[in-house]
Amino acid sequence: MKRILPLLLLWLSLPLLAQTVPQLPVEAFASIPDVSSVQLSPDGKKIASIVRVDQPKLKGTVVSILDLETGNKDYAIHTDNQKFVLLSLQWANDNTLLISAKFPANRYGTPTTETRLVKYDLTTRKTTSVLARSVIDRLSWIPQHQGQIIDMMPDDPDNILLSLDGMGEEVGEDSVLRVNLSQGKSAFIQNSKRKIIGWITDRQHKVRISIYNDDTEYRIYEQPEQKAEPRLLWTFKAFSDESVWPLGFDADPNILFVRAYHQGFEAIFKVNLTDPKLTKELVYANEGTDAEGNLIYSELKKKVIGISEGDGEEYTFWDPEYAGLQNGLKAVLPNAHNYITQFSADERRYIVYSTSSTQPGTYYFGDRDEKALFPIADRYSQLSSEQLADTQYLSYEARDKLKIDAYLTVPKGLEAKQLPTIIFPHGGPISYDRNDFDYWAQFFANRGYAVFRMNFRGSAGYGYEFMKAGLKSWGLEMQNDVEDGTRYLINQGISDPQRICIVGASYGGYAALMGAAMTPDLYRCAVSVAGVTDVAYLVKSSRRFTNYEVVKEQIGDDFSALYERSPVSKADKISIPVLLLHGDKDRVVKVQHSREMFDELKSRKKNVEYIELENGDHYLSNNDHRLTTFKALDKFLADNLKTQLYQ
């Protein structure tokens, strides 16, 4: 009877699952977004966006430009997302669109990610590099990153200011270059300086702030005039609670906004640079979380009016007029995060991105004069809110009583009891999950699995002490937080302890494999997508990069100990099925991590499958790679979770 009963329960449950959770095609979740980087021209009459195309002779993404008055469309550039990937769009003026892209390369045997900036002229319909060949020829070496805009100069729309490597004594020492977009002429207005890695201009477009970095030490300097002796404002170490990061200036060239800690959390301050004491005046702070994002500056009001917070760049206004606009959007688009992503030059027209855990994302065009808001594009057109599962906030205590925030997504129509479950720790690890749309979580939920995402210690956004608790904690307390979250779900009766799989990408892939090695009886299977498998090798791989000392400060430099806290050193302890996926052009976590992990597991005759994505990057930027990954996930999870009922 013990053998027959599970079979009977499975047979009875399948029709119910089919009714409550209709399975959508993998493509509905796993395709790269239909539309992204939606940008409004300064005159508010054109919208540019990155659009996915899937036609027999044209696959990948294109830059599409829509004329709102005529309805005409123009296409600036196409990529298959293998040779290069489009990153973002930005209007320089009404006739010139700037396009940022990245591609994999090698420098003296070291794999790198290169970035470039091109311009598209709407009149000539030609795409050309922003940097002329004559500029590159003047440099000591070809810069790895060639698209770092530090000032769009909105009152001088033919010119922009770029921060550019290649003139200093060492890699990473940037100069400032003025580029005339219409004439193609360029001139260096700020020479590189020893150990200076970044520059900030004031609203008058003068280079005023320089950022110095030597190993783990940072210094912030003010430079009143180019030839004047710079004044040291602040000095601090990486990951220090005394950090003061400059954000930008107000209209007054003496008022600098900075991000610094306030009662243990990052907040926004302003500093009068004429004040000898450099007193920090609090401008904005969240209660219990860090204030993130960039300054929002109004060219009309000539002042900073707020900040853009979070991954989606949600605007938080402290100016009453714009706060009223934000509140109006909440009334029209309730139960969603409404991200105003851009204004036209006169600030009467704007773009809104509206999303929630059950709203895949819709872009809207707003007109304040007409008091109108029009939907213009869906980010994932194959998904609708009615098909998606709700996500709820939870919290639990780690074994040392630290509170851990988490999010639980339960399959639509099912009760949160004894469910097959995906434990899904985020990447980073200095990142975080939030209650927004997550295509991974919704895909898993659509297949009938509960999904649990926790912000383990070391995650961003929770203040200094929480962040510090994650330093040099790979495989230690951070890993315990993931395990404790899994046991919490079991104790609450939410998860079926016999049907739990741990899945992750990047750092999350590391956590998944460590979970399989450290607690093999807790999980039925494990999946690592572009995951770290050798932490010592990860740190050593940074030796030829300028942030090597910062990486050691974050992760550690006791290579023997780091290796022991690596999944590749614990392959013999893994007894559950493992799925590995990795792109061979990954420049964040090298493909060698998954190759070596596969070899170690295979040599020990473990149950392991490895899929290598040809020309694949760290982010599954290519649509075919993403589909391959999710189809493999679909089969692997079905084989190892649902079939557990037969055993």
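In this predicted model, 4 strands make up an open sheet with the order β1-β2-β3-β4, and their pairing is antiparallel. Its edges are β1 (35-40) and β4 (73-79), each of which pairs on one side only. From one strand to the next, the twist averages 25°. Strand β3, residues 58-67, pairs with β4 in the antiparallel sense through 5 bridges. Leu66 has Lys73 in β4 as its bridge partner. Strands of a sheet pair through backbone hydrogen bonds, in either a parallel or an antiparallel arrangement.

Helix α12 covers residues 592-603. His593, Ser594, Met597 and Leu601 of α12 are buried. Viewed down the axis of α12, these buried residues fall within an arc of 85°, and therefore they line one face of the helix. Just after α12 comes Lys605, with a positive phi of about 60°.

Next comes the covalent cross-link. The model has 1 disulfide, formed by Cys501 and Cys525, whose sulfur atoms lie 2.4 Å apart. The angle about the S-S bond is -135°, and the link of Cys501 and Cys525 is left-handed. This pair links distant parts of the chain: Cys501 belongs to strand β32 (residues 495-505) and Cys525 to strand β33 (residues 525-529), 24 residues apart. Both Cys501 and Cys525 are buried.

The remaining features concern backbone geometry in loops. Most residues other than glycine have a negative phi, and most peptide bonds are trans. Where does the backbone carry a cis peptide bond? Such a bond joins Gly428 and Pro429, with omega at about 0°. Pro429 sits in the loop between β30 (419-423) and α5 (439-446).

Leu278 has a positive phi, near 50°, although it is a residue other than glycine. Leu278 is part of the loop between β19 (265-272) and β20 (280-284), and counts as buried because its relative accessibility is 11%, below the 20% cut-off. Asn335, also not a glycine, has a positive phi of about 55°. Asn335 is located in the loop between α4 (320-332) and β24 (337-343). With a relative accessible area of 75%, Asn335 is exposed.

Definitions and conventions: Residues numbered from 1 in each chain as written. Predicted model: local features only at pLDDT ≥ 70, side-chain atom pairs only at ≥ 80, totals over all residues. Heavy atoms only, no water. Pairing = 2+ DSSP bridges. Helix = DSSP H or I, 4+ residues; strand = E, 2+ residues; numbered from the N terminus. Axes fitted to C-alpha atoms, helices over the stretch in contact; angles between N-to-C directions. Expected span 1.5 Å × (residues − 1). Buried < 20%, exposed > 50% of the residue type's maximum accessible area, 1.4 Å probe, protein only. Arc of directions from axis to C-beta. Disulfide = S-S within 2.5 Å.
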